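Dear colleague,

Please find below the structure that I am handing over to you.

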Amino acid sequence: MDGAPNPLLARRRWRGLLLAAAVLLLVPLAVLGIAAAATWQQLPSLERLTDYQPKEPLRILTSDGVLIGEFGTERRRFVPLDEIPPALRDALLAVEDRDFWVHPGVDVSGILRALWRNLTHSGPRHGASTITQQLARDTFLTKQQLWSRKFVELLLSLKIERELSKQQILEIYMNQIFMGNRAYGFGAAAERYFGKELQQLNTAEIAMLVGLPKDPVRVNPVSNLARAKKRQAVVLGMMVSAGQLSADEAEAAKQTPLSIRRPKRMSSIADHVAEMVRAQVVERFGEEAYERGLEVSTTLLAEEQRAAQAGLRRALFDLERRQAFRGPEAQFELPTQEGAALDVAIDRAFDRHPDLGELRAALVLRASPTELALLLADGEELLLKAEALRPLARWLKPGAEKPVQRGSLLRLLNAGTAEKPRWAVSQAPQAEGAVVTLDPRTGAIRALVGGFDFARGQFNHVTQAYRQPGSSFKPFIYSALIERGGWSGTLVSDQPFEMGDWAPKNYDDTYEEMLTLRQAIARSKNMVSIRLVELIGVQAVRQWVAQFGLEIERQPKDMTVALGSGAVTPMQMAGAYAVFANRGVAQPTWLIERIRDPSGQVLFQAEAPGEGRRAISERNAFMTNQLLSAVMREGTGASGSALLNRWDLYGKTGTTNDAVDAWFAGFHPTRVGVVWIGYPQPRSLGSRETGGGLALPVWASAMKVALAGQPLTTLEPPDGVVDIEGQWFYEELTGELAIQRIGLPPPGEAASSPSDAASDLLALQPPAAGDPTSAPR
């Protein structure tokens, strides 16, 4: 019939439609296949993964293995997969890739879900990246969300799965992924955020870390703890869904307090040492030292270093408490409305004025004469009232010249405990200080504190600060006299001395007719030191101190050298006093024990200390030490012996004119310690400040740790000395040949010149060149 459908035509029409559909489907697939084949040939080599060599930072440790410094653009701690706790591995897979062990590198169903969601919704695009895809992207690609990049990422993932085992992929991922705050990998992140090894993490900390790979910037617990806690809760929920935790365990983890380390205060117990070592290692290995994972062991001992640092900081805080409050440290404009602008202003304030150890930076949010609302760098808010505001009373009054107000930057110290804090207003010390201890037998540096805080100033006062040593210089003068025939009973005039316009005084401005050398050094009498130099000669004194390692050109060429008016560094003083401690032998100081690469191969090993350089005779050191023992038993250093409850200590206080510099230098046969305190721009520390009051307690803090367990030691007399009625003499300089009186008339005669001593004793001769065992006579 004319109007009836033609079955043949209908079948042909359907065949045509099916053929067209097939062509439309197959052509893109063919194009996609061709593109995949072409792209596959251009994929980068996987050598960076198959021969995985992570960029590991330069790490610096104490001799007993405590990390004190880390340098590199990427902080990593490579941890083999079998050393990563199973709970952490399982939690990561529950959150990032549940089908990791079974998929071929891509999750097809996840990709289709993400594709549909992105086509039908606006806003941020969703992904479905497996751990393999994330590894491919982070190693070879960018995070730009383009279809072309995603296509290459998919192919790379398939290639990675073909060439690496699942275990290798997971191990590299957990050591490679960025975790925020310059930390790469879970090992580095655990140390960065919690100060722990992976094996030490609890469930709450594991969940916090597992939440970071998704967005290590926005959910960072340092910059936004509230957002990080929300992400942690999501992770704990997914761990419950995966059967890794019960609901009760997840809830307990949510309530577990987190102690987050603040990266702005990552400085260690020995930042100045870390910088010294960094410079030496980079000089030796070049810039690649920052990426090779080198591990440097130093000579420092951690507990001794901690004690030295704590002692110095305590002394500087005590000194600062005796100063008037100077007002706010800085002033910032803080927007009144909550929001991004306020957050930026707060971050800027704390960036410019970070915490200085226990001295916390605090930004004033609200101020009145009776109440102060403050914000700490870690986000904690405090409210100070009543007694805590007394130091600020003047600055809280209306119309104050430098008022404490919103935006003021103050400093706080916790005068209580961590559990029960009691915050007190303080201020950053303006004075600086230095501490160095070393083993005089080997020259190994055991503690070095270059200043109050490395974050405030990188200048190393131990090695770079040339300051007047004051009375701590006097033992070298006494040593020079002993070499000429002086002994502990030599009598010296303590009467006032004048030379032209120069009329120096004793510290206490009291004078006696005469004192023995032992009495004079114990009481640090300036008039006695001056008369010793008058006898010996200025140039001879300068030459003598040069034998101890002090720079002769920095010592004055006039009589003021008697009062320590030259210039020395604390490190030089430590080396010089080590000569006394080490029986007259100088050992070069050193800091680096060994350098290893990540495989444990030793690249550098310090040589065993040699015999050293004979600076003075053993008998000179022995007799000088008898005088320094008097300082510690009955003189200006006696409080140090009392603090340590030891009598086998030797040392000398030092306070320069107008109390500009405060020193203490002292030793035990196994340890030398030197402490200096002063203002960077020299000025008086205060009319009542002394080396014995400021520096000596710091020395005692370090030495208490250094000498723990050390038995009391008696110095054995060396060859060449003789004991006459309890007094030690050079065996050839006894009786009339020993110097009996200086600046005093002989008994029954009028005053005479200082030339009482034999003229042949006036010249000081250094050891013969090239002879490490010869000693000056």
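**The cavity and its lining**

Fifteen residues, given as 15 in the analysis, line the largest cavity, and those nearest its centre are Asp271, His272, Gln309, Gly451 and Phe454. Two or more lining residues come from each of the elements α12 (271–285), α13 (302–321) and β13 (445–449). A search of the whole structure returned one cavity of 30 Å³ or more. Please bear in mind that the model is predicted.

**The chain as a whole**

The protein chain contains 23 helices and 25 strands. It has 777 residues, of which 51% count as buried. Among contacts in the protein chain with a separation of 6 or more, 69% are made by residues 24 or more positions apart. The accessible surface of the protein chain amounts to about 36,400 Å², and carbon and sulfur atoms account for 53% of that surface.

**The nonpolar cores**

The largest nonpolar core comprises 93 residues, and the members that touch the most others are Val281, Phe476 and Leu532. Helix α20 (residues 570–581) is the greatest contributor to this core, supplying nine residues. For Phe476, leaving out residues up to four places away in sequence, the residues touched are Trp544, Val545, Phe548, Leu550, Met573, Ala576, Tyr577 and Phe580. Another core, of 48 residues, lies apart from the largest one; its members include Ala91, Ala190, Ile206 and Val219.

**Valine 698**

I would also draw your attention to one residue in particular. Val698 is located in helix α23 (residues 691–706). Is Val698 buried or exposed? Its relative accessible area is 1%, and because the cut-off for burial is under 20%, Val698 counts as buried. Once neighbours within four places in sequence are set aside, the contacts of Val698 are Ala308, Gly311, Leu312, Ala315, Val435, Val675 and Ile677. One of these, Ala315, stands 383 residues from Val698 along the chain, yet the C-alpha atoms of the two are separated by 6.8 Å.

Yours sincerely

Conventions: Residues are numbered from 1 along each chain as its sequence is written. This is a predicted model: local features need pLDDT of at least 70, side-chain atom pairs count only at pLDDT 80 or more; totals for chains, interfaces and linings use all residues. Side-chain values use heavy atoms; hydrogens and water are left out. On a 1 Å grid over the protein atoms alone, a cavity is a set of points where a 1.4 Å probe fits but cannot get out, and a pocket is an open set with protein on both sides within 12 Å along at least five of seven lines; lining residues have an atom within 4 Å of a point. Grid points are joined across faces, edges and corners, and a volume is the space filled by probe spheres set on the points. Helices (H or I, at least four residues) and strands (E, at least two) are DSSP runs, numbered from the N terminus. Buried means under 20% relative accessible area, exposed over 50%, partly exposed in between (1.4 Å probe, protein chains only). Contact means heavy atoms within 4.5 Å. Accessible areas come from the Shrake-Rupley method with a 1.4 Å probe; for residues, only the protein chains shown count as cover. A nonpolar core is a set of buried Ala, Val, Leu, Ile, Met, Phe, Trp, Tyr and Cys residues joined through side-chain atoms within 4.5 Å.
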